[in-house]
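Hi everyone, thanks for making time today. I'd like to walk you through one structure, so let's bring it up on the screen.

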Amino acid sequence: MEAGGAGEVDHLAGERATAQFDVDHMKVAWAGSRHAVDVADRMARLVASDPVFRKDNRTMLPRKELFKDTLRKAAHAWKRIVELRLTEEEANLLRLYVDQPGYVDLHWGMFVPAIKGQGTEEQQKKWLPLAYKFQIIGCYAQTELGHGSNVQGLETTATFDPKTDEFVMHSPTLTSSKWWPGGLGKASTHAVVYARLITEGKDYGIHGFIVQLRSLEDHSPLPGVTLGDIGGKFGSGAYNSMDNGVLRFDHVRIPRDQMLMRLSQVTKEGKYVHSNVPKQLLYGTMVFVRQTIVADASKALSRATCIAVRYSAMRKQFGPQTGGPETQVLNYKTQQSRLFPLLASAYAFRFVGEWLKWLYTDVTHKLEAKDFSTLQEAHACTAGLKAVTTSATADGIEECRKLCGGHGYLNSSGLPELFATYVPACTYEGDNVVLLLQVARILMKTVSQLASGKQPVGTMAYMGNVQYLMQCKCGVNTAEDWLSPAAIREVFEARALRMAVNCAQNINRAPSQEEGLYELSPDLLEVAVAHIQLIIVTKFIEKVEQDIPGEGVKEQLRNLCNVYALYLVHKHLGDFLSTGCMTARQGALANQQLGKLYAQLRPNAVALVDAFNYTDHYLGSVLGRYDGNVYPALYDEAWKDPLNDSPVPDGYREHLRPLLKQQLKLSRL
Ligand SMILES: CCCCCCCCCCCCCCCCC/C=C/C(=O)SCCNC(=O)CCNC(=O)[C@H](O)C(C)(C)COP(=O)(O)OP(=O)(O)OC[C@H]1O[C@@H](n2cnc3c(N)ncnc32)[C@H](O)[C@@H]1OP(=O)(O)O
Ligand SMILES: Cc1cc2nc3c(=O)[nH]c(=O)nc-3n(C[C@H](O)[C@H](O)[C@H](O)COP(=O)(O)OP(=O)(O)OC[C@H]3O[C@@H](n4cnc5c(N)ncnc54)[C@H](O)[C@@H]3O)c2cc1C
């Protein structure tokens, strides 16, 4: 964990001494409660102190060894969970700190939720205990070689045979091969497979089925099942620990009761019966996972910013013309203007993630009571927030790498692997563009209903204030005026609504709605982003308005909230100006205020990343060490590379020596 053992020096102690707030209370604000801090702390230390969970050599392992190491860690984690009788909360945190993507993520993250959400009570009773005890390992097999985004375009078939009371699972084309599911390639024994249900000669579209893939005796694929891994992925280490897989069926038979039958059923006579629920509930597992991905975005971005802030505080380059000590790179205004918005974003995503979890729980309770009124809100918020937070996080991790200069490019900085592991989040669980277009379509529908007097609700309620927001003028006259939450909220609401209304008007001018949506899709993306940024800003403001204990904690959070909002104003100034929400002078004042906020943030920067309470093990970065003692660690780390096993490299005799000798001979001619 933190250094501070006997004889160790805290090179960042000076930075920590300048903090103007109580770091311990900030840890509580970040984690959500004192209890959450304590449990996370215990689990992080448990993992960090266990040699099986070592990960500093991960990027040097060949794929097969990396995969075996992942199996070993997963089995060891499970052993510890059982031995220590960990609660679900503790077990989830333990897995988080093990920090190696693997089949368990899909088993707990998608297979179990799919059965819970789409299985009948009877099916849950049968399958969940097996999954809970790891007597079976499951994955989520939806995407195919030919279709991922377009779920309705999937080709795998599940044809009901009333003679045997079975479904016949089949992959009719190459493009119908399941392709990408995590855990499928090598580990899973079972999958929830999404396939077209065909009964009585009619295609009823996509439904979920529990299918056994491998023998529970020797793990070999069952007859008619072709299985494998789809191959190496971006980066070293990173997501290569996961066995993303390919699966084909050749007329594989499963009992009828392995169709997930909560939403619709097939009788033994082959009659299709659809329960009186929206068919989009089939997408429920994706909604659940998108919500967890928003929470993960804050974790990944906070890790990257923690590394970059600590390193920037210890790294020195150049000095005053008059001589004297060199300057910490964190003191350069350019470094601050690139890094502090990312730090503020990490906090913003943490709080919006907390809110989204609440929304998801609330919607789930309503669905259980057969109230489907908030389904659209849940879809729009999870899809939009997933898209905006993952894109910003992936870009932010890469920016942190650049902020660490050359050393950021070393694997030992932790940043290349973090980026390579994180960046597919922009694609999985819905490509971000596809998801933003879903949000935009909902916004267009909402705008079109305004004329009929239908009042929007939830996060779209502001659109009901259309008369005011379409003509209001920003009242900011000084840089300090930008510190008003009301002023910030109003410009974000006006920008989002005006962009949506403009776009809707342009769509209405097109020959058809479909053509309009198609032609204006680049604008629709921006409309969706503006709406989602409004949600993030609003939830941050609401968080800061709460009672937050701890000296100076609320002030720091308010500062971060203002940085986040004004940074977005600066970055998207074109939107705010072109919609007439503010003047160019007001835009300049926002930027002026932003500069002042960075200066206020500077003495607190290291303490603000300490509040994430990450162990050195979890950070996995020589540059982000708690004690800031970077150079000896970088130097030591280099010698661990297998290339340094011998002073003369393998290949010298075959390739270097003859070359050098030949050149020597030529030069003598
Ligand atoms: C060094 C180590 C570092 C570690 C770093 C830390 C890393 C952190 C790691 C985090 C770990 C997280 C684990 C995650 C593992 C990832 C595993 C990935 C799994 C997958 O990818 S599973 C496959 C996911 N696939 C998709 O998401 C597909 C996307 N496509 C769709 O969702 C849909 O097809 C669609 C929405 C795009 C279109 O659907 P469709 O054609 O059916 O619908 P329409 O567009 O016509 O819409 C019809 C109406 O339905 C509504 N709708 C659509 N979707 C939903 C929904 N989900 N819920 C509710 N309603 C929905 C539309 O709004 C339409 O409504 P209308 O009223 O009729 O207009
Ligand atoms: C690491 C990783 C893990 C995964 N794990 C799983 C898993 O466990 N289970 C599973 O089932 N799947 C999994 N997937 C698959 C994943 O869900 C899909 O790759 C994802 O949904 C995107 O679909 P696609 O690959 O078909 O992209 P495509 O839709 O083919 O996207 C290609 C391009 O087309 C654009 N595009 C597509 N449609 C539109 C449109 N309507 N309008 C405008 N632009 C469009 C996209 O923006 C993108 O730029 C995983 C993927 C990855 C990368």
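Before we start, a word on naming: helices here are DSSP runs of H or I with at least four residues, and they are numbered from the N terminus. Please also keep in mind that this is a predicted model.

With that naming in hand, let's go to Glu429, which sits in the loop between helix 11 (415-422) and helix 12. UniProt, in an unreviewed entry, puts the feature "active site" at Glu429. Is Glu429 buried or exposed? It counts as buried, because 24 C-beta neighbours lie inside 10 Å, and the cut-off for buried is 20 or more. Leaving out residues up to four places away in sequence, Glu429 touches Met286, Val289, Arg290, Ile293 and Lys386.

Now let's step back to the domains. The chain is divided into domain 1 (112-276) and domain 2 (285-318 + 326-454 + 484-610). Taken over C-alpha atoms, their centres are 35 Å apart. Where the two domains touch, domain 1 brings eleven residues and domain 2 brings ten residues. On the domain 1 side, helix 6 (residues 103-118) provides the largest share, three residues. That side of domain 1 divides into six nonpolar residues, five polar and no charged.

Next, ligand 2. Where does ligand 2 lie? Both domain 1 and domain 2 give residues to the shell around ligand 2, so it lies between them. There are 21 residues around ligand 2, and the ones that come nearest are Gln142, Thr143, Gly148, Ser149 and Trp180. Strand 1 (138-141) and helix 12 (432-450) each supply at least two residues of this shell. Helix 12 gives the most, with three residues.

Glu200 is not a glycine, yet it has a positive phi of about 50°. Glu200 is in the loop between strand 5 (190-199) and strand 6 (202-212), and it is exposed, because 12 other C-beta atoms lie within 10 Å. Ala238, also a residue other than glycine, has a positive phi near 50°. Ala238 lies in the loop between strand 7 (225-229) and strand 8 (245-249). With 23 C-beta neighbours inside 10 Å, Ala238 counts as buried.

Definitions and conventions
Residues are numbered from 1 along each chain as its sequence is written. Chains are lettered from A and ligands numbered from 1 in the order in which they are written. This is a predicted model: local features need pLDDT of at least 70, side-chain atom pairs count only at pLDDT 80 or more; totals for chains, interfaces and linings use all residues. A residue is near a molecule or strand if its C-beta atom, placed from the backbone, lies within 6 Å of it. Domain bounds come from an automatic or database domain assignment. Two residues are in contact if their C-beta atoms, placed from the backbone, lie within 7 Å. Ala, Val, Leu, Ile, Met, Phe, Trp, Tyr, Cys and Pro count as nonpolar, Asp, Glu, Lys and Arg as charged, and the others, Gly among them, as polar. UniProt positions are given in the numbering used here, feature names are shortened, and annotations may be inferred rather than shown by experiment.
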